[in-house]
Number of protein chains: 2
Amino acid sequence: MGYYNYNLTVDKLLDYGATVYPNREIVYKDRRRYTFSLFRERVESLSSSLEKIGVKPGDKVAVVDWDTDVYMSAYYAVPSIGAVLHTVNVRYPPEVMLKTVLHAEDKWVIIRDEFVPLLEKGKNFLNGIKGVITYSDEKEKVKTSFPTYDFWELQESGEKLPPHEIKEDMQATVFYTSGTTGDPKGVWFTHRDLVLHSMSVALTTSKPPLRSSQDDTFMILVPMFHVHQWGFPYVTMLVGSNYVLPGRYDPAMEIELMRKEHVTFSAMVPTILFMILSHPNAMKYSDVFKGWKVMIGGAALPTGLAYSARKMGINIAVGYGMSETAPVLTVAYYNSLVEGLSEDEKFVQQIKTGIPIPLAQVRVVDENGRDVPRDEKTVGEIVARSPWLTRSYYKDPERTERLWKDSWLHTGDLAVVDKYGYIRIVDRDKDAIKSGGEFIPSLILEDVISTHPKVGEIAIVGVKDEKWGERPVAFIVPKGEVKEDEIREFLMKKVEEGKLQKWWIPDKFVFVKELPRTSTNKIDKKILRSMA
Amino acid sequence: MGYYNYNLTVDKLLDYGATVYPNREIVYKDRRRYTFSLFRERVESLSSSLEKIGVKPGDKVAVVDWDTDVYMSAYYAVPSIGAVLHTVNVRYPPEVMLKTVLHAEDKWVIIRDEFVPLLEKGKNFLNGIKGVITYSDEKEKVKTSFPTYDFWELQESGEKLPPHEIKEDMQATVFYTSGTTGDPKGVWFTHRDLVLHSMSVALTTSKPPLRSSQDDTFMILVPMFHVHQWGFPYVTMLVGSNYVLPGRYDPAMEIELMRKEHVTFSAMVPTILFMILSHPNAMKYSDVFKGWKVMIGGAALPTGLAYSARKMGINIAVGYGMSETAPVLTVAYYNSLVEGLSEDEKFVQQIKTGIPIPLAQVRVVDENGRDVPRDEKTVGEIVARSPWLTRSYYKDPERTERLWKDSWLHTGDLAVVDKYGYIRIVDRDKDAIKSGGEFIPSLILEDVISTHPKVGEIAIVGVKDEKWGERPVAFIVPKGEVKEDEIREFLMKKVEEGKLQKWWIPDKFVFVKELPRTSTNKIDKKILRSMA
């Protein structure tokens, strides 16, 4: 009794959304819809059922699903009783996926019917699992060889919870990030991390140029297993926007959903944007793209793609972060130095890596930890502080120590800073190509090549070279017929224009039908390197 | 080393503002201007100077000033070194004001030249004061009988601070509220309280109908000693708006500043709005009011005034809170139930007490702590939880216990709830009188009047007043013959003695044979109010 020690816990976000935006909707494809108010009821019921079947504070609960209302319920119901949500990467190879379930020591699994056979493959070694909660869209019961519960029954049969007092420093989530080397690393976040991240992202997206508001309908095209779907399942409650969940990725269906649900705000990696805009239906529905607000992250946005999007009336801002950072650290919104520039100049800023969002401190530093000059040339590493970064890699003190060297989180991303303070990533530490002792910033090179009208997608990797150490090789998905000489000529012009160094031009161009992808839809440079 | 435990401290807000909005301005009348970037430099310099003269973490630093750049510097520089900012109410009678300095155990004072004589009155009993920092707008040195430092020297001579690691749970501010009973009560807030309050207010004002943004210029017409000027000196850094400080209150000058600095966003009590709109210059400059965003709080907004403002194109939303709540709990922004209503219907909602801002939980409850129905009739008390409420009244456990009964903060405000969930205050639980947005502590006033030899019993109640909101009326049971003029003369003497403010003197004196009583023999003010 007495002073109420208010904890920053995710149930408070849901409480706010359901109180102030009760008739906003969460929509799963054309199958199910909930108002925020009904959604809160169902989440509370699910929470209480989870407790009843034995889920305890600290228990890890794995979710294996596409982007659905079931997943969204778990985002709230699991942490609200002090349990930990493990968002399992379903695009990992089955063995790797099951390894993460084992490594996280998951005790419970919430799983969509189609993934059950995959889980059964781990039957012999997943001894820690106490129960599996299954569901199918058709609401048929799905059995497993573990103790099995039906999701719909749990969601409907629970009671309204008595108020839980979860501490904000309790772990709320865990998930694995493969990076591009070694075993997947587990990162984890507390309730407080998630709430503060949500507040900051909500405030940032409310700013120009995105100006998100309760008038928007969100459809986030980032998997829900991928870094909290960039935080939006929580952010939506603060913004008061509708929230559309597209299930399994399918561009035609997504375009249709956009039209039907009047989607106005999305977030995605560049590849998804590329796929949507190049889909045959895109032209048919071109009006739905007009005014569409899109936050792009997860990989460098090719300039060519950015300008195509702009031509269609899409309002783009790049965002940046990583698994370790919950994820958002920067967004390319307007600071006070660029807001007075022309629309064209502002657009150039919108597609850079961006500036820190509220409460984040993001710097580009040299080897001695000093800020690099704002000359757009000097390359440094991005380091960060904010109140929502992972404390450690799960059960991995060694890599944790490297991550938190000097009490700054080291992103391993190399970047420059322009005169307005905007960061631009020029390379990933491990993707960097060093030729003759100098770095070739592969992202800049890719970007320039992408502006050739016949280049669809492009990726540069370094290959060993006796003379130079490393030399770049370009992999290109062409649009129609294109010859290597055409591209070389084009690049020579760019050299004359001062946009490239001559020695950056790749030694070799490989034309392919498509580029290999990682489980999070990023281009898989590991595979390309082995191909080269 | 290792994981950086990020604390939510006010220096982080300034750091954000100066990083992302470096050329935004803080403007003090026509005298001084700073960019956010320069302002941060000056604040850091001031902080370092304060340390050098001996200000220690935990030391209370009183500020006695109008709304100036000096005050704004103190808002950041004092808490940033772990010291506590005491925002002294300069509208208290001198004796009461000095009492608060004594009660807070202030060790340092930052004071404007014109208030120095007032401070000297306390010379004999303010033994705890280690130093006084004076300033004049003309930059002349101002001496006192205490060890004296010149503000401008301190502000310019300091060094860039090494990073301070202040803990977020450290006290950052303290101030006194006369509120509802005699002695002023001290309320206090931590860094974390202020940061979370700022995040929530910034997010709220970005929502419709106010839609504040970096395109706005703020001029807040609430004294800086009054509940953190409603949080805006901190909020402005998150929004990225210019910030205009008008010094001592003067409607003609403020209208002129509005015009000159293109002010677009303000906050104030209804009385100030009334004075500005009824000022002869208002008509001359009517174009500056078009689109002006105004948050109204501190007292009930008379409907007539609200509609006059609307007619002039002013965009109004009411806000609500109190000293104990930092202050904001609700704002009358749009929830999802009212956004589809007509403009006229929405306006009716905008001038109610409002709905909770993000992270605040605000309820209207009956005597058993149950939510009242949304019928706009059933009256209950407003109770609240949020992560920015005062933990206790300073050195007053008894009143603290009442404030935090049942772990909800009891506001003492009586309200109803409409079908859309909007709260509307209908009455004050207690007997304070609010005139021009400021409390007239009726018990102090009664106490002074009762010292007149011919006054037997005395009770003060508030009556509605178009201009001031409320004005006091005195009911007196005389001892023998007494005339109103005699009492007025007596009270004027008390004003000269610094025991009363002139504007506290009741407008009307009613002489009665006896005062009505409740069943427990207390004076029944409800009956008196209906008589008045």
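Predicted model: local features only at pLDDT ≥ 70, side-chain atom pairs only at ≥ 80, totals over all residues.

Author: Residues are numbered from 1 along each chain as its sequence is written, chains are lettered from A and ligands numbered from 1 in the order in which they are written, and side-chain values use heavy atoms, with hydrogens and water left out.

Reader: What makes residues of chain B and chain A count as being in contact?
Author: Contact means heavy atoms within 4.5 Å. By that rule, 55 residues of chain B are in contact with 55 residues of chain A.

Reader: How do you know what area is buried between chain B and chain A?
Author: Buried area is the accessible area (1.4 Å probe) that two parts lose on being put together, summed over both. Here that comes to about 4700 Å², with carbon and sulfur atoms giving 56%. Y3(B), Y6(B) and L359(B) supply 15% of what chain B buries against chain A, more than any other three residues.

Reader: Why is the pair E168(A) and R192(B) called a salt bridge?
Author: The term asks for a side-chain nitrogen of Lys or Arg within 4 Å of a carboxyl oxygen of Asp or Glu. In this pair the closest N and O atoms are 2.7 Å apart, so the pair meets the definition. The count between the two chains is six salt bridges.

Reader: Which helix of chain B gives the most to the side that touches chain A?
Author: That is α7(B), with seven residues. Helices here are DSSP runs (H or I, at least four residues), strands are E runs of at least two, and both are numbered from the N terminus.

Reader: What makes R24(B) buried rather than exposed?
Author: Buried means under 20% relative accessible area, exposed over 50%, and partly exposed in between (1.4 Å probe, protein chains only). R24(B) has 8% relative accessibility, so it counts as buried. This residue lies in the loop between α1 and β1 of chain B, and its contacts include S336(A) and E339(A) as well as Y34(B). A polar atom of its side chain lies 2.9 Å from the backbone oxygen of Q214(B).

Reader: And why is E105(A) called partly exposed?
Author: Its relative accessible area is 45%, so E105(A) falls in the class in between. E105(B) also counts as partly exposed, at 45%.

Reader: Where is a cis peptide bond found in chain A?
Author: One joins P208(A) and P209(A), with omega about 10°. P209(A) is found in the loop between α7 (191-205) and β10 (217-220) of chain A. In chain B, a cis bond joins P208(B) and P209(B), again with omega about 10°.

Reader: Which residue caps the N-terminal end of α9(B)?
Author: D250(B) does, with a side-chain oxygen 3.1 Å from the backbone nitrogen of A252(B). Among the buried residues of this helix are M253(B), I255(B) and L257(B). After α9(B) comes H262(B), whose phi is positive, near 55°.

Note on methods:
Polar contact = N/O pair within 3.5 Å; in protein donor to acceptor, adjacent residues only side chain to side chain. Lists of a residue's contacts leave out its neighbours within four places in sequence.
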